[in-house]
Amino acid sequence: MVAAKAEAESMKKKELVHSPILTYFSVITLLSTCPPFVILLWYTMVHQDGSILNTFNYLKEHGVEGFVNIWPRPTAVAWKIIACYALFEAALQLWLPGKRVEGPISPTGNKPVYKANGVLAYVVTLVTYISLWWFGIFNPTVVYDHLGEIYSALIFGSLVFCVFLYIKGHVAPSSTDSGSSGNIIFDFYWGMELYPRIGKNFDIKVFTNCRFGMMSWAVLAVTYCIKQYETNGKVADSMLVNTVLMLVYITKFFWWEAGYWNTMDIAHDRAGFYICWGCLVWVPSIYTSPGMYLVNHPVNLGPQLAISILIAGILCIYINYDCDRQRQEFRRTSGKALVWGKAPSKIVASYTTTKGETKTSLLLTSGWWGLSRHFHYVPEIMAAFFWTVPALFDNFLPYFYFVFLTILLFDRAKRDDDRCRSKYGKYWKTYCSKVPYRIIPGIY
Ligand code: NDP
């Protein structure tokens with residue numbers, strides 16, 4: 001009871017990282033603009049040749065009615081595709097074998113337990129999908145041809161799902177890591193439960209974030225490639241570079257999935273619109289959008305340029321992976337693992353849990369983590385640039401994800417700094433004086 005009360009207090013603080021007016025404004029704006037934006041992006045990519053100006057002129061001429069007309073209604077085919085995919089992924093999550101992995105200790109002292117079967121689920125998904133196409137059982141072009149209806153169904157279905165999460169958080173939370181901020185909009189937007197589950201084993205955030213969201217990114221990347229092949233009889237090198245880089249990134253994600261369960265998305269952000277709707281709708285639509293654009297723009301880069309972009313992109317993905325790996329190895333070995341061949345420099349930081357217990361954490365201040373406090377966001381953003389640049393510069397829209405990611409990660413770095421400052425106090429101050437830059441060494 002005491003822990004739950006302290007949790008609710010920490011929830012209230014969490015919402016007010018920015019000023020209250022700014023927080024309300026941004027939450028309401030995001031809730032109301034993200035769903036129509038997904039439809040506009042898809043419509044512009046698929047029906048307006050990726051040109052924002054064309055869509056703008058269409059809307060100027062036809063007004064709100066024109067916008068309602070382009071919004072596809074969810075059809076039976078769309079619901080069937082989503083249901084088959086979701087059930088398949090849920091079954092893999094539940095039944096494929098995997099090592100038992102423990103997540104970090106939560107603010108109220110719980111330790112979530114997971115089954116690490118992400119790589120197997122990823123391989124089974126892609127092999128099944130490509131085999132269905134290869135053996136003529138299901139053609140992925142059907143997914144591309146019904147993409148607007150699928151996004152429409154996802155938008156509404158995921159909103160209903162977030163209402164379910166809100167009600168579950170109130171009436172049947174899965175653990176003590178749950179609480180209300182006392183504000184219905186924030187509870188819906190940020191979520192109430194940190195680790196919601198269905199039964200003992202089905203973790204909802206692993207499903208929404210990893211097995212539905214991230215997996216759909218890989219499935220759609222392959223879909224776009226196949227669509228271009230079926231339309232043109234070949235795949236342009238720009239599409240190949242884009243697909244290979246995205247797949248390398250997603251393979252890295254599943255390889256490191258158990259590490260992801262230690263990050264902010266899972267260990268700090270609750271299951272609400274922000275995380276769950278984001279992963280169920282925003283990831284399959286916005287994150288995949290450079291590939292969506294390339295389907296109808298088969299640019300030929302030539303081998304030299306294509307290979308250079310590919311190598312640069314893979315290097316960025318590797319550095320991003322190595323940053324995450326370095327931090328996690330450092331924590332896992334209690335600061336004993338060598339960092340860049342030397343003993344790591346570190347800060348032993350103590351903090352008080354919401355239960356009033358004093359605990360310590362180690363903060364790494366050398367290696368990638370000595371360059372800046374969130375250096376890993378630099379290669380993450382650069383990788384997104386490299387899988388988009390094969391689209392060249394005729395239109396801005398394929399770069400939307402790159403711009404969005406840059407804003408998201410700069411905001412995230414601030415949110416994380418604020419959270420760590422209030423968690424570690426003077427120890428975080430010492431870290432900031434040792435590593436003064438937030439993201440870009442020497443600049444910011
Ligand atoms: P991190 O994995 O960077 O986790 C941040 C946490 O790490 C902090 O809250 C703190 O947690 C701990 N920490 C901070 N500094 C140190 C340090 N010096 N030494 C040890 N521990 C430290 O956060 P993210 O979840 O943002 O990033 C994880 C990965 O996901 C990255 O690769 C990122 O690029 C990627 N990402 C991708 C996004 C996308 O949309 N494509 C969006 C967000 C992330 P504690 O309380 O445990 O001390």
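Author: Happy to! A residue is called buried when its relative accessible area is under 20%, exposed when that area is over 50%, and partly exposed in between, using a 1.4 Å probe and protein chains only. Helices (H or I, at least four residues) and strands (E, at least two) are DSSP runs, numbered from the N terminus. This is a predicted model, so local features need pLDDT of at least 70 and side-chain atom pairs count only at pLDDT 80 or more, while totals for chains, interfaces and linings use all residues. Residues are numbered from 1 along each chain as its sequence is written, and side-chain values use heavy atoms, with hydrogens and water left out.

Let us look at helix 5, which covers residues 118–134. Helix 5 has 17 residues and reaches 24 Å from its first C-alpha to its last, close to the 24 Å expected at 1.5 Å a residue; the expected span is 1.5 Å times one less than the number of residues. Its buried residues are Gly-118, Ala-121, Tyr-122, Thr-125, Leu-126, Tyr-129 and Trp-133. Seen down the axis of helix 5, these buried residues fall within an arc of 120 degrees, so they line one face of the helix. The arc is that of the directions from the helix axis to the C-beta atoms. An α-helix has 3.6 residues a turn, so residues three or four places apart point the same way.

What covers that buried face? The cover includes helix 4 (76–95), strand 2 (113–116), helix 6 (141–145), helix 9 (204–232), helix 10 (237–255) and helix 11 (257–260). Contact here means heavy atoms within 4.5 Å.

Now for the two ends. In the loop between strand 2 and helix 5 sits Asn-117, which is buried, with a relative accessible area of 1%. Not counting residues up to four places away in sequence, Asn-117 touches Leu-92, Gln-93, Leu-96, Pro-97, Gly-98 and Arg-211. Helix 5 is followed by Gly-136, whose phi is positive, near 70 degrees.

A nonpolar core is a set of buried Ala, Val, Leu, Ile, Met, Phe, Trp, Tyr and Cys residues joined through side-chain atoms within 4.5 Å. The largest such core has 109 residues, and Tyr-151, Trp-217 and Trp-387 have the most contacts inside it. Helix 9 gives the largest share of this core, 15 residues. Leaving aside neighbours within four places in sequence, the contacts of Tyr-151 include Leu-220, Tyr-224, Val-38 and Trp-42.

A buried residue can also be a lysine: Lys-168, in helix 7 (residues 147–171), is buried, with a relative accessible area of 9%. The side chain of Lys-168 makes a polar contact with the side chain of Glu-193 (2.9 Å). A polar contact is a pair of N or O atoms within 3.5 Å; within protein, one must be able to donate a hydrogen and the other to accept it, and residues adjacent in sequence count only if both atoms are side-chain atoms.

How confident is the predictor? Its confidence in each residue is the pLDDT, from 0 to 100. The mean pLDDT of the protein chain is 93, and 96% of its residues reach 70 or more. Over residues 1–9, however, the pLDDT is below 50.

Technical notes. pLDDT is the predictor's confidence in each residue, from 0 to 100.
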